[in-house]
Amino acid sequence: MIFLVAALLLLGVLLGTAAHLPLGATLTAAAAIAVWLLIFAIREYRTKGARR
């Protein structure tokens, strides 16, 4: 999953709207999305464990 996020970020920097943002803003947004995905994954894992 990390590989997918990195590939999408690289693609976004090269081709997408992220190319129009400063690098610091792009990295900040990427970090925020990564943290959000991590929190989501932890919550899903805990919920799945509670159902067993």
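The expected span of a helix is taken as 1.5 Å times one less than its number of residues, where helices (H or I, at least four residues) and strands (E, at least two) are DSSP runs numbered from the N terminus. The model on screen is predicted, so that local features need pLDDT of at least 70 and side-chain atom pairs count only at pLDDT 80 or more, while totals for chains, interfaces and linings use all residues. Residues are numbered from 1 along each chain as its sequence is written, and side-chain values use heavy atoms, with hydrogens and water left out.

The C-alpha atoms fill a box of roughly 45 × 15 × 15 Å along the principal axes. The radius of gyration, taken over C-alpha atoms, is 14 Å, whereas a compact globule of 52 residues would have a value near 10 Å; the globule rule behind that comparison is 2.2 Å times the number of residues to the power 0.38.

Now select helix H1, residues 2-15. Its 14 residues should span 20 Å, and its end C-alpha atoms are 20 Å apart, which agrees. H1 is hardly covered, since the count of buried residues among its 14 is one. Within H1, pick Phe3, which is exposed at a relative accessible area of 71%; a C-alpha to C-alpha distance drawn from Phe3 to Val13, ten residues apart in sequence, reads 15 Å.

Move on to helix H2, residues 23-51, and select Thr28 there. Thr28 is exposed, with a relative accessible area of 54%, and its C-alpha atom is separated by 14 Å from that of Ala6, 22 residues apart along the chain. Also in H2 is Leu37, which at 23% relative accessibility counts as partly exposed; the C-alpha atoms of Leu37 and Met1, 36 residues apart along the chain, are separated by 10.0 Å.

Finish at the largest pocket, which holds about 230 Å³ of space. Ten residues line this pocket, and the closest to its centre are Val5, Leu8, Leu9, Ala30 and Ile33. A pocket here is an open set of points on a 1 Å grid over the protein atoms alone, where a 1.4 Å probe fits, with protein on both sides within 12 Å along at least five of seven lines, and lining residues have an atom within 4 Å of a point. H1 and H2 each supply at least two residues of the lining, and H2 gives the most, with four. By class, the lining divides into eight nonpolar, two polar and no charged residues.

Methods
Points joined across faces, edges and corners; volume = space filled by probe spheres on them. Nonpolar A, V, L, I, M, F, W, Y, C, P; charged D, E, K, R; others polar. Buried < 20%, exposed > 50% of the residue type's maximum accessible area, 1.4 Å probe, protein only.
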